[in-house]
Amino acid sequence: MKRTLTLAAAALLSATFFAGAASAKTFVYCSEGSPEGFDPGLYTAGTTFDASAHPIYNRLLEFKPGTTQPEAGLAESWDISEDGTVYTFKLRKGVKFQTTEFFTPSRELNADDVVFSIGRQIDPNNAWAKYISGGTWEYAEGMGFPKLIKSVEKVDDLTVKMTLNRPEAPFLANLAMPFASILSKEYADSLEKAGTKEQLNQNPVGTGPFTFVAYQQDAIIRYKKNADYWGTAPKIDDLVFAITSDASVRYQKLKAGECHLMPFPNAADVESMKSDSNLKVMEQEGLNIAYLAYNTTQAPFDKPEVRIALNKAINKKAIVDAVFQGMATPATNPIPPTMWSYNQETKDDTYDLDAAKKMLADAGVKDLSMKIWAMPVSRPYMLNARRAAEIMQDDFAKIGVKVEIVSYEWAEYLQRSKDKNRDGAAILGWTGDNGDPDNFLDTLLGCDAVGGNNRAQWCNKEFDDLVKKAKVTSDQEERTKLYEQAQVVFKKEAPWATIDHSLAIVPMAKGVTGFTQSPLGDFTFEAVDIAE
Amino acid sequence: MFGFLLRRLAVLIPTFLGVSIIAFSFIRLLPGDPVALLSGERVMSPERHAQISAQLGMDRPMVIQYFDYLGGVLTGDFGSSIVSKKPIIDQFFALFPATVELSLCAMFIAIVLGIPAGVIAAMKRGSIFDQGLMGIALVGYSMPIFWWGLLLIILFSGILQWFPVSGRISLMFYFPQVTGFMLIDSLISGQKGAFASAVSHLALPSIVLATIPLAVIARQTRSAMLEVLSEDYVRTARAKGLSPFRVVGVHALRNAMIPVITTIGLQIGVMLAGAILTETIFSWPGIGKWMVDSVFRRDYPVIQGGLLLIAGIIMTVNLIVDLLYGLINPRIRH
């Protein structure tokens with residue numbers, strides 16, 4: 001039996017070798033899940049964007065690789081009116097859409113494509129607003145596009161004008177996000193004519209570095225190099241996503257040479273990956289935060305000194321070690337260090353149980369009992385909330401605070417934790433969308449978000465004025481200063497205990513070059529190469 | 001035989017309705033709201049929530065939703081996935097061949113090894129071989145599939161590198177799917193090495209999926225054989241001087257097969273349940289993995305549609321087994 005198996009394996013290996021020698025340069029990415037579809041506007045998941053928005057499409061602006069800084073993409077340049085409400089984009093000339101088995105473009109990118117791609121997401125009466133049954137523009141909705149954008153108009157073939165209802169500084173960063181990908185209007189028209197509109201979500205055509213070839217559901221997505229790409233041509237000929245949902249199996253595939261790069265390893269495997277001479281491991285702080293949000297409307301948590309006292313009793317190092325096996329860093333500010341305007345000067349509340357006890361006594365708090373809400377699911381920013389809550393419970397007991405840990409089913413948890421009358425402090429977190437500080441500071445801590453994303457129910461005028469002012473200021477230096485001040489106010493008021501920023505770990509084969517880790521957590525392969 | 005068939009078919013209708021009620025109501029009893037999950041940590045406004053619920057028809061009373069759903073199912077419309085927005089029936093039949101291929105291979109392994117093992121164990125009752133074999137069967141029966149699969153991957157793919165880790169065929173090969181069965185498609189493609197690659201990808205998941213049915217079939221065959229071997233007609237056959245091979249192979253085995261075939265039929269259900277885990281470990285793009293993903297996303301239409309289709313298939317298989325049973329044992333027909 002053993003001999004037969006060995007022979008079969010040898011035959012297979014030789015077959016594979018000969019097949020491989022003749023084939024082109026293929027890069028295999030062991031992705032973590034199946035894309036929900038290929039029209040990025042319809043979805044919100046990173047897994048879907050990695051398979052659709054990044055390889056196939058471009059946006060008016062693109063994030064500069066490795067940063068959260070938007071730079072010119074399909075728009076070569078843009079003007080912003082004095083009052084910050086009119087954006088005029090000059091499109092790049094000569095950008096070709098991909099030629100595929102199912103579509104051959106007859107024209108280059110023009111303003112119609114931009115009007116089509118954005119217009120369908122903001123206008124419920126657009127002919128393509130409901131082209132797919134049950135489809136909604138969840139991300140555009142979440143970023144407030146329908147209310148923010150008054151109109152998107154074609155000025156001439158290569159000029160688009162977008163008018164906003166109010167000035168919004170993060171708008172350019174929003175346009176660099178996957179949901180704002182530019183699709184071909186000509187292709188959409190041809191589908192409409194053929195009566196197969198839903199194909200737009202299954203057989204995508206874009207201007208990006210890779211052309212979609214085929215998707216075998218839940219198994220493989222194939223792309224080939226876009227020979228007409230307007231940017232720097234990819235160095236690999238074929239890109240393959242081998243969908244592998246189990247992290248241990250992804251690691252085995254990487255070790256066996258069945259893929260070149262994988263996302264989201266198990267924390268427990270990282271040490272052995274680092275010591276494997278055939279692999280290399282990249283790591284970077286993710287654009288995320290995990291926090292414990294007090295309900296600042298309820299006594300005694302309405303007093304900043306009580307919140308700071310509790311913060312001093314949280315051993316973040318122990319949480320990072322126990323929950324992440326070191327694959328995270330304790331958080332000081334409400335935004336991650338990779339984000340612009342991160343305030344390096346703020347000091348974290350040091351873990352000091354005696355000081356915490358004294359502060360509580362000074363605030364007149366005795367025999368405090370509280371609830372800590374622990375999320376029931378593992379998220380990138382918090383792998384095991386119950387474990388983190390137990391560590392807090394243990395430390396809080398040492399300063400005389402009795403903790404009861406509660407949890408609910410995930411959707412229920414998200415819902416109930418919003419409640420203004422919530423009893424207890426809730427562990428939750430956030431992963432950034434566009435790298436703009438507004439996306440953390442105003443979204444999670446602004447007065448408008450009370451009863452919603454602002455789980456601390458915290459409305460502080462000083463803080464809110466700073467972030468609201470930054471939102472309508474176009475000058476980035478000025479915005480940086482405002483956000484830095486806002487972080488000082490945050491630390492002084494302590495509506496949250498900031499817990500951690502997890503590290504994004506990317507293991508890959510030694511021969512892989514040119515991969516840049518994105519702080520936004522995107523996986524893009526247009527610059528990667530494999531050493532022969 | 002025709003009356004028998006009709007009677008069996010009549011039983012299927014209430015069973016199918018029962019399954020549809022269970023599939024429909026049980027998922028809704030689970031906590032979790034698919035609409036809220038669409039937006040994750042980002043808070044969805046109550047108006048937006050109401051709007052999407054209305055769009056999905058989920059704001060109506062449960063009973064109306066059920067009958068609406070049932071009406072759809074009876075006309076072949078199982079609805080569309082909340083997540084991928086694709087019709088469920090299309091997705092199901094795109095993925096189903098992969099599950100069937102895996103299950104058939106696993107069943108083949110389980111039958112080809114399980115029946116002879118059970119027969120030999122029965123013939124050598126009490127021997128070391130018998131005890132060893134039944135011990136192994138017990139271990140196989142109690143093996144957690146998830147752990148067993150990972151163990152085989154680490155040993156045979158990681159350390160020994162005899163088999164690929166996961167997937168259905170080497171990524172080198174790319175050809176259109178004609179039947180959806182990789183073994184057949186790889187042969188049709190005519191590409192050198194494709195078939196060998198498909199076989200090597202099928203090996204480990206089939207072994208893992210075959211483990212429990214193999215153990216059950218071996219144990220069932222053994223006990224059925226033991227019973228039959230002590231029957232008078234077997235003693236008579238022996239007394240007539242027939243060769244042991246004829247006694248066991250012809251006289252005993254055919255009668256012992258009746259409970260074994262029932263067991264095999266029941267194992268189809270067990271196998272589809274096992275396929276859920278096996279497919280998840282081996283990234284095998286079948287309906288098991290699809291269903292698991294859908295449960296996590298609370299994709300109601302996929303879960304209920306998938307369950308109904310699977311239940312329908314299991315019922316059909318059981319019907320065929322019953323008919324087969326009738327062929328082997330004429331007394332059953334009446």
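Q: Taking two residues as in contact when their C-beta atoms, placed from the backbone, lie within 7 Å, which residues does Val489(A) touch, not counting residues up to four places away in sequence?
A: Val489(A) touches Asn460(A), Glu462(A), Phe463(A) and Leu466(A), with residues up to four places away in sequence left out. Before we go on, this is a predicted model, where local features need pLDDT of at least 70 and side-chain atom pairs count only at pLDDT 80 or more, while totals for chains, interfaces and linings use all residues. Residues are numbered from 1 along each chain as its sequence is written, and chains are lettered from A and ligands numbered from 1 in the order in which they are written.

Q: Thanks! Where is the place of Val489(A)?
A: Val489(A) is in helix 18 of chain A, residues 476–493. Helices (H or I, at least four residues) and strands (E, at least two) are DSSP runs, numbered from the N terminus.

Q: What about phi of Gln325(A)?
A: That one is near 45 degrees too, again positive in a residue other than glycine. Gln325(A) lies in the loop between helix 12 (316–324) and strand 13 (328–330) of chain A. Gln325(A) is partly exposed, with 14 other C-beta atoms within 10 Å.

Q: Which residues does a cis peptide bond join?
A: Ala299(A) and Pro300(A), with omega about -5 degrees. Pro300(A) is in the loop between strand 12 (288–293) and helix 11 (304–312) of chain A.

Q: Let's switch to sheets. In what order do the 4 strands of the open sheet in chain A run?
A: The order is 1-10-9-8, with mixed pairing. Two strands pair if DSSP finds at least two bridges between them. Strand 1 (26–29) and strand 8 (210–216) of chain A are the edges, each pairing on one side only. From one strand to the next, the twist averages 20 degrees.

Q: How many bridges join strand 8 of chain A to strand 9 of chain A?
A: There are 6 bridges, and the two strands run antiparallel, strand 9 being residues 220–225. One bridge partner of note is Lys225(A) in strand 9 of chain A, which partners Phe210(A).

Q: Which residues are on the covered face of strand 7 of chain A?
A: Val160(A), Met162(A) and Leu164(A) are on the covered face of strand 7 (residues 159–164), while Thr159(A), Lys161(A) and Thr163(A) are on the uncovered one. Val160(A) is the bridge partner of Phe89(A), and Met162(A) is the bridge partner of Val152(A).

Q: How many bridges does strand 7 of chain A make with strand 5 of chain A?
A: Strand 5 (residues 86–91) and strand 7 of chain A pair over 5 bridges in the antiparallel sense. Strand 6 (residues 149–156) of chain A is joined to strand 7 of chain A by 6 bridges, also antiparallel. A hairpin through 2 residues links strand 6 to strand 7 of chain A.

Q: Next, the chain contact. How many residues does it take from chain A and from chain B?
A: It takes 54 residues from chain A and 50 residues from chain B. Helix 1 of chain A gives the most to the side of chain A that touches chain B, with 9 residues.

Q: Last one, over in chain B: at what angle do the axes of helix 7 and helix 9 cross?
A: The axes of helix 7 (residues 145–159) and helix 9 (residues 194–229) of chain B cross at roughly 150 degrees and come within 10 Å. Axes are lines fitted to C-alpha atoms, for helices over the stretch in contact, and angles run from 0 to 180 degrees between N-to-C directions.

Note on methods: A residue is buried if 20 or more other C-beta atoms lie within 10 Å of its own, exposed if 12 or fewer, and partly exposed in between; C-beta atoms are placed from the backbone.
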